[in-house]
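Biologist: Could you take me through this model and tell me what stands behind the words you use for it?

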Amino acid sequence: MRVLVTGAQGCIGAWVVRSLLRRGLDVLIFDLVPEPARLLLITEPHERTRLRITTGAIEETDRVKALIRDEGITHVIHLAAVLMPFCQQHPVKGALINVVGTLNVFEGAREAGRPVRVVYASSSAVWGPEDAYEPRPLSESDATKPTTHYGVFKQANEGNARVFFSVDGISSVGLRPWTVYGVGRDAGLTAAPTIAMRHLVLGKPYQIPLGGFMDLQYVEDVAEAFVMSALSPLEGAHVFNLAGEVVHMDAFLEALEVLRPGARRLISASGPQVPVAYKMDDSALQRLIPGIPKTPLAEGMRKTVELYEKLRAEGRLE
Ligand SMILES: NC(=O)c1ccc[n+]([C@@H]2O[C@H](COP(=O)([O-])OP(=O)(O)OC[C@H]3O[C@@H](n4cnc5c(N)ncnc54)[C@H](O)[C@@H]3O)[C@@H](O)[C@H]2O)c1
């Protein structure tokens, strides 16, 4: 078994690689950037001795196919992508990375000459805004109505994954996170709750530029969901909602105040609701891939703040 993780230097990627290494699995990292900056924050040096890193662009078809074929890859956890703001500004480049890049992974799996299982990051951005739906948690059988290019690209990936199973028999799992938080989350529209926790630890003021509700999901749980989906024997082209804890930004600020009294003086929130429905039912995932952890929000926030405090004490937090 040999796992290729694309986008491995990103936030979710770093925690996925950490989980794979702790399971003693053979991991190959692929990313545009060579430096494992986030992984350095969350692992000890002895855990990284077996790490192999390759660099490249996911949209380069020949490179990605050769990597999967020649490196003996049996599982791909595909996370490489650009996030919502980039895709809104640069839809063509965004599609090359997010859609063509995902097609490259599936074509690479098809041409590897051995069975290759694909787990990829979709997103809750496949949903439209909350008011586009009945007021109940959405299940995977509800219609996706994305209102951003990013969401449409993720929707396309889910469709392509279905075709790669029905035509080529490639089994896949697509997971739809909402807002992932935890050490290492610093990119994308919904990074703000984590950026707020980092500012709090640094004693700096910060305003979360969003209001309304978010479904916050602790990054370690999200990484486990990706790894357990890769290890699962589930056949077919599956797409699953990932649900964490839905919280209003005011309640998030209150929880921060409970965690570190005085937080309210530094951290505030003001701005629009993210235009993505936030009530999701993830019982299908819990049923078909049982045992994925769900850290309560207060505990995930505590772990995040404590890790940032440790990093600051060691002089490793900018
Ligand atoms: N973080 C969230 O809340 C969230 C929510 C829903 C879905 N997702 C999805 O999860 C995945 C990982 O998200 P993340 O938060 O870790 O993002 P991130 O921005 O931290 O990481 C993305 C990684 O992809 C790499 N990358 C970007 N363009 C590339 C390219 N052309 N070729 C190769 N590598 C490239 C980046 O260098 C980066 O290391 C993405 O597919 C994202 O769309 C994330």
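**Ligand shell, helix pair and sheet**

Modeller: α1 gives the largest share of the shell around the ligand, three residues. This is a predicted model, in which local features need pLDDT of at least 70, side-chain atom pairs count only at pLDDT 80 or more, and totals for chains, interfaces and linings use all residues. Residues are numbered from 1 along each chain as its sequence is written.

Biologist: What makes a residue part of the group that surrounds the ligand?

Modeller: Its C-beta atom, placed from the backbone, lies within 6 Å of the molecule. The ligand is surrounded by 26 residues, the closest being Gly 7, Gly 10, Ala 81, Ala 121 and Val 180.

Biologist: Why is α3 called oblique to α5?

Modeller: Helix α3 (residues 61-70) and helix α5 (residues 91-110) pack at about 40°, their axes 8 Å apart. Angles under 35 degrees count as roughly parallel, over 145 as roughly antiparallel, 65 to 115 as roughly perpendicular and the rest as oblique, so α3 is oblique to α5. Axes here are lines fitted to C-alpha atoms over the stretch in contact, and angles run from 0 to 180 degrees between N-to-C directions.

Biologist: How do you know that β5 and β6 pair?

Modeller: Two strands pair if DSSP finds at least two bridges between them. Strand β5 (residues 117-121) and strand β6 (residues 172-176) have four bridges, in the parallel sense, so they count as paired. Ala 121 has Leu 175 in β6 as its bridge partner.

Biologist: What makes β3 and β10 edge strands?

Modeller: The open sheet runs β3-β2-β1-β4-β5-β6-β10, with parallel pairing. β3 (52-55) and β10 (237-241) each have a single partner strand, so one side of each lacks a neighbour in the sheet.

Conventions:
Helix = DSSP H or I, 4+ residues; strand = E, 2+ residues; numbered from the N terminus.
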